[in-house]
Amino acid sequence: MDRQLRTPGIDLAAYFDRIGYRGKAEPTYETLAGLVAAHVRRIPFENLDPLTGVPVFDLSAPALTAKLVARRRGGYCYEQNNLMRYVLTELGFDVDPLGGRVVWQHPEGLAAPARPETHLALVVRIPGSATPYFVDVGFGGQTPTSPLRFVVGEEQQTPHEPFRLRSHENTTWGTSFVLESLVGGDWRPLYLFGLRPKPMIDMQVGSWYVSTHPESMFVIGLSAATVTDDARWNLRGRNLTAHHRDGETERVRFDDAAQVCGALTDRFGIDLTGLGDVEARVAQVLDS
């Protein structure tokens, strides 16, 4: 197939410029690792569209390129990982989108009642390689910052903290896998997922749900996250937290919505133009 027909609407040069990537454009592990590392440092996780009443349902390559690349916005999992999927496919990787059920920060963890399938991650195969890789550039404050070999039970170091994949048998969901990260000396589950590729219609339904449901955390609260070489920066309402690689934690509590919007622009690099009165909406959810 002609490479230009794989993913209409993807502008590789513009994407590479957006994330500051200067490496090769070949379907190799080095390319994959370089793209993941650059993407998570330049395109922040954020939920400003759902927060300001804009549903997220167009997950096409042109729509995501326009928002995350040209407008220099961020997004959540359905946007971030689909953009990465389009880019990788265009470069010649084989990519499957997978649905996930989030248990991160739920007190019951893996014992939680049935969770909706509202997350998206990727399995990536490199031509000529027998080992697939697990990629997720859209899990907010705990996003893996490098590809993970799809090897069950193996602790894998990333530039920030170790992750591992485990098999998990659940009476509700059947056989699945769980992604875990090592935080504070404990392995903590992030989400469950299976290996059935998720069709676009299911992604659109999931994205519509999390961007419009009146109880969705993306509708009723402000979230943003990004990483630097030495820290993870997470914003929730008026509270900004930096978890540094040396174990130090830095916390800032903003006084008002103007300061929060300043952080969204300066710390997270988000262009707030065209979003209406963002400051007024942020003021409504500062303590959510």
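Buried means under 20% relative accessible area, exposed over 50% and partly exposed in between, computed with a 1.4 Å probe on protein chains only. The model is predicted: local features need pLDDT of at least 70, side-chain atom pairs count only at pLDDT 80 or more, and totals for chains, interfaces and linings use all residues. Residues are numbered from 1 along each chain as its sequence is written, and side-chain values use heavy atoms, with hydrogens and water left out.

**View 1. Arg-72 in the loop between H4 and H5.**
Arg-72 lies in the loop between helix H4 (61-70) and H5. Helices (H or I, at least four residues) and strands (E, at least two) are DSSP runs, numbered from the N terminus. Arg-72 counts as partly exposed, at 37% relative accessibility. Its phi is positive, about 55°, although Arg-72 is not a glycine.

**View 2. Helix H5 and its end.**
Of the 15 residues of H5, 14 are buried, so the helix is largely enclosed by the rest of the structure. The end C-alpha atoms of H5 are 21 Å apart, which agrees with the 21 Å that its 15 residues should span at 1.5 Å a residue. The expected span is 1.5 Å times one less than the number of residues. Gly-92 follows H5 and has a positive phi, near 105°.

**View 3. Helix H2 against helix H5.**
H2 (residues 29-42) packs on H5 (residues 77-91) at an angle of about 150°, with the axes 12 Å apart. Axes are lines fitted to C-alpha atoms, for helices over the stretch in contact, and angles run from 0 to 180 degrees between N-to-C directions. H2 and H5 are therefore roughly antiparallel to each other. That term covers angles over 145 degrees; under 35 is roughly parallel, 65 to 115 roughly perpendicular, and the rest oblique. On the H2 side, the contact is made by Thr-31, Leu-32, Leu-35, Val-36 and His-39. H5 supplies Gln-80, Leu-83, Met-84, Val-87, Leu-88 and Leu-91. Contact means heavy atoms within 4.5 Å. By class, the residues of this contact are eight nonpolar, three polar and no charged. Ala, Val, Leu, Ile, Met, Phe, Trp, Tyr, Cys and Pro count as nonpolar, Asp, Glu, Lys and Arg as charged, and the others, Gly among them, as polar.

**View 4. The buried residues of H2.**
The buried residues of H2 include Ala-33, Ala-38 and Val-40. Also buried are Thr-31, Leu-32, Leu-35, Val-36 and His-39. What covers the buried residues of H2 includes helix H1 (12-19), H5, strand S3 (117-125), strand S4 (133-135) and strand S9 (223-228). H2 has 14 residues and reaches 20 Å from its first C-alpha to its last, close to the 20 Å expected at 1.5 Å a residue.

**View 5. Helix H5 against helix H6.**
The axes of H5 and H6 (residues 200-212) come within 11 Å and cross at roughly 150°. That makes H5 roughly antiparallel to H6. Tyr-78, Asn-82, Arg-85 and Tyr-86 of H5 meet Met-200, Met-203, Gly-206, Ser-207 and Val-210 of H6. This contact has five nonpolar, three polar and one charged residues.

**View 6. Arg-85 within H5.**
Arg-85 sits in helix H5. It counts as buried, at 15% relative accessibility. Leaving aside neighbours within four places in sequence, Arg-85 is in contact with Val-95, Pro-97, Leu-122, Met-200 and Met-203.

**View 7. Gln-156 in a loop.**
Gln-156 is placed in the loop between strand S5 (148-149) and strand S6 (163-170). Gln-156 is buried, with a relative accessible area of 4%. Not counting residues up to four places away in sequence, Gln-156 touches Leu-148, Arg-149, Val-151, Glu-161, Pro-162 and Phe-163.
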